[in-house]
Number of protein chains: 2
Amino acid sequence: MAQLIADRRDVDFVLHEQFEVAELAKNDAFAEFNRKTIDLIVTEARNLAIKEVLPLQKISDAGCEFDAGIVRVPEAYHKVYKTYCEGEWLAMSDSPEWGGQGMPKAVGLAANEYFYGACNSFMLFNMLTHGAARLVESFGTDEQKKVYLKNMYSGKWSGTMLLTEPDAGSDVGALTTVAKRNPDGTYSISGSKIFISGGEQDMVENIIHPTLARIEGAPAGTRGISLFLVPKYRVNPDGTPGEFNDVVCTGIEHKMGLHGNSTCSLTLGGKGQCIGTLIGEENKGMAAMFQMMNEARQMVGLQGFANATASFTYALDYARQRIQTKHMTDPPEAGPAAIIRHPDVRRQLMLMKSYVEGMRSLIYFNGMVQDQHHLADSAEEKERLRNLEEVLTPIIKGYITDKAFEVCSHGVQVYGGYGYIEEYPVAQLLRDTRIFQLYEGTNGIQSIDLVGRKMGMKKGTAFMAFLEEIRKTIEMGKAVPSVKPLADNVEKLFTTYTETAAILGKAAGSEKVLDAFAFTHPFLEATGDLTMAWMLLWRAAVAAPKIGQKKKDDLFYNGQVTTARFFINTQLPITAGRLAAIQVMDGAAIAMEDASFGG
Amino acid sequence: MAQLIADRRDVDFVLHEQFEVAELAKNDAFAEFNRKTIDLIVTEARNLAIKEVLPLQKISDAGCEFDAGIVRVPEAYHKVYKTYCEGEWLAMSDSPEWGGQGMPKAVGLAANEYFYGACNSFMLFNMLTHGAARLVESFGTDEQKKVYLKNMYSGKWSGTMLLTEPDAGSDVGALTTVAKRNPDGTYSISGSKIFISGGEQDMVENIIHPTLARIEGAPAGTRGISLFLVPKYRVNPDGTPGEFNDVVCTGIEHKMGLHGNSTCSLTLGGKGQCIGTLIGEENKGMAAMFQMMNEARQMVGLQGFANATASFTYALDYARQRIQTKHMTDPPEAGPAAIIRHPDVRRQLMLMKSYVEGMRSLIYFNGMVQDQHHLADSAEEKERLRNLEEVLTPIIKGYITDKAFEVCSHGVQVYGGYGYIEEYPVAQLLRDTRIFQLYEGTNGIQSIDLVGRKMGMKKGTAFMAFLEEIRKTIEMGKAVPSVKPLADNVEKLFTTYTETAAILGKAAGSEKVLDAFAFTHPFLEATGDLTMAWMLLWRAAVAAPKIGQKKKDDLFYNGQVTTARFFINTQLPITAGRLAAIQVMDGAAIAMEDASFGG
């Protein structure tokens, strides 16, 4: 039978051949995660994902129910949530001290690929719980950790993220939720929040809302924002949930997709009874929230990728099953053939494969970077790895989610008319995926983050660390004779890319700044293309030397080299065109008068 | 108030300044369609579209109801359908002899832009009725015309198009519906058809199904296919509907979008009581159907474009209303500003505007080509114009619908998180638009049509006629000093494009044929890009000389020149990259072994 969600052979290739994750076990911190254990974890996750979580996907599309402040998730979620929590899957890579499993991030990501690809709207509840818990772990007092952390890592309580307000979305600094100091050190919170994923639900005993608000008298803008922990039910001294904390769900959104996750509007303190506790320092809420947001951005990249890999496996299977009588079979007179034999279907499958595999490598690589950061001895190395993660984050969030939507659209296209019918899985995957380009900072914001913040960060050393990694892989590719022509092509593009980055960076710091910022998204796209080429070249350089050893592996390794060849030789010329346009940097979009847009 | 669906100033610009449609009135055939009449028609269509049809859009999303063979369209359709039919909008550009209005195609398309942009799923019923009626007009006997035509052009009866079967989609030749000759010259039809838009509905008295079927004993494949008219109710000698003709709707599809049009499965002759009459000659059904399909393909291009222009007008309006406190306003210290002032939002709006306006010009141009064909005296000129239409058809269907989906996705993105919420109009437009890339021949099929059929057709003269038109516009642009640099850039790309076409054409006729056919879609995309540049250059060349005459027009004309500049200088370099990749024509997608795709 065809594989579901992800190709296990490829997952293993990335874990063990491209990144040699089991090598991490040489360090005490990851000593128990040898190859056998890693494989067992991935197998367990895969089984649970396919058997229990995947059946939720179709069900999830019917949506959550809202009734007088109460949100009911699809009934089938409850049992699966229990199994998922009992399996301790929520905090795979977190500190065992607080209930985490302490496994390498890269391994946790492989497991999560299956879970998220099985049902993103179910998993989004867990993603936010995990993010909120991490916030408590990083910024909470011991008291706060004791009260909240174990309950969240175990999934007994869930977590959310309360940033957005009706007039404060990308522009977080405009928020108007107010916190009033109480004599006992707590704060009375009042305000309205919207677009709160999992803001209300019925799988858990309590919901913890990390909430951005402005303490009375604090400065305007982002500098006056503090972060509070606001539970749905106040927590009794013994740690049990107490009385209702005046956090009222006033409705859930009717969305294009991801119906199985409740997107809530919440009113806090409508009756003046909402109490929160400060987490971190006053007026430093944005910094704390940024940590959560950065993790969330990486996870959104994973969400997009997971739907893309699911759509690809469905499309591939369909293209192998669907017979048509003629057109371009090889040889043409051979008669009926599966549509995988049609050149334009192959082109689309190759594109899907290139992106999906490039994304997988990039996401696991980012996990490895964090694992190495965890293990690194020197402050310098820690700094380098943190920088690398900082540069990779907008690429993972922005580029992967853009391309995931494209991949899912190809998935629909490969199915032909059936792709548009909701009985088949690819339509929902496309709808569900569209949100990832929007939430946790639109992809426009990601591109501004890359160019306006990450490129110049720490005098450019972060960006240099990123470029250095690509250069290493190019050298590695050049050393493998059959891969060298591909490495040469990547190098050529790499040179143009670095020139373009310099031109764009210079313009961004000049009076041409607005022109430059009309090219941040094209630059993010070019950066992502290069990153895909980097990862696919790396794969080819690992695979090529192994060809001819075991016959049964040759198909896989040949596929790696051919996929790199496809992407580098058919897609990078387009990237070169993008870079050329950025270098010209025509200022038409800025020069245009507002009224000339018409309407 | 902001404009809805389309910018009337731009519609008028294309009709009267770019193409001078009113000049057609110098000919007897179009004598009554002077400028005043044309403007009146567009105004009437716009009013009806905005006041009556547009309110159906949101309603349509709730879908049609199916119950035991009966399909109920949304209740609100009925009244609007009546008004629409009474206004005689269904056959605007058809022969007055059979109830058409005889207006130029270009004018009818302008009116239809408003209707389709208002509610595509409502209009799809009318589109198919019109297409089916045209088939009767072209291939029917006088008897068939008398019975069917007036009833269809008036909208009293509707029409459909019965091609697809469960195992015969793109591969039409595989169909299995059978026609058995009866002694009276009629045929007994039996088979099952799927994906029949408007296959069953309750707005009309009778439904006429042009049906592809194979007469018993006919050859296999497309050479054995005949076309039949199969009514839902048999037609009495006096022209009234008679007894039920055993065409049973067995269900409607649950789709990603376009819910307000019933996509039906039909069983013909399940009780042996389905009678059809041959239309055209035996075994020549495909040729007749191709005429209908070609018209339908052009109309699908219009459908995509209409949603794109609707999405653009919404996004533009939203970007002007939505205030954010900061980021990149000009000057940065100016404080709160609408998001239209953000460079990345402007970039997206410019892209949307470029595509929408390029599409509008292309679609009206194709209408003009057909109007000129209607008027042409010489067989040679008629041939040239028909050829031109043949080449434009896959670009209109394939490229426009691909880009319409992108435009609608930008529409969602400009709205931010709100774009994903179904309360706002852009989400539905995106969902509705996805089908256009699939039906009436997937866009892969369109690209094969362009490269495999249209490029080489009539020894390449058709394709040369297309290139010649572009060249004329380049010369026109070079003659306008302020536009010359843009014309030069288009010319440069044009040269590369023609070289690439030659390389691709040669490869398609060689042993590299499969490699070549893995590049038909990239070539279609490059062709479409060039076509957009052609149309935008044309607009700029018309607009630029008028700048400085009337102050109130300058904003519009400047916008035309700046939009051309944006597209030509920021997008054509990417097209050049696409062409470079086609020239390399790496055969990786074909070289890949099927098993190497994984899974």
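Visitor: How do you know which stretches of chain A count as domains?
Guide: In this predicted model, the bounds come from an automatic or database domain assignment, and for chain A that assignment gives domain 1 (8-157), domain 2 (159-283) and domain 3 (443-592). Between domain 2 of chain A and domain 3 of chain A, the C-alpha centres lie 40 Å apart.

Visitor: What makes a residue part of the contact of chain B and chain A?
Guide: The requirement is heavy atoms within 4.5 Å, and the contact takes 97 residues from chain A and 97 residues from chain B.

Visitor: How do you know what area chain B and chain A bury between them?
Guide: Accessible area that two parts lose on being put together is summed over both, and for chain B and chain A this comes to about 8500 Å², with 61% of it on carbon and sulfur atoms. On the side of chain B, M256(B), Y420(B) and F597(B) supply 11% of the area buried against chain A, more than any other three residues.

Visitor: Why is the meeting of R322(A) and D167(B) called a salt bridge?
Guide: The distance from N to O is 3.7 Å, and the rule asks for a side-chain nitrogen of Lys or Arg within 4 Å of a carboxyl oxygen of Asp or Glu, so the pair R322(A) and D167(B) qualifies. The count between chain B and chain A is eight salt bridges.

Visitor: Which helix of chain B gives the most to the side that touches chain A?
Guide: That is helix α16 (residues 551-584) of chain B, with 15 residues.

Terms used: Residues numbered from 1 in each chain as written. Chains lettered and ligands numbered in written order. Predicted model: local features only at pLDDT ≥ 70, side-chain atom pairs only at ≥ 80, totals over all residues. Heavy atoms only, no water. Buried area = accessible area lost by both parts, 1.4 Å probe. Helix = DSSP H or I, 4+ residues; strand = E, 2+ residues; numbered from the N terminus.
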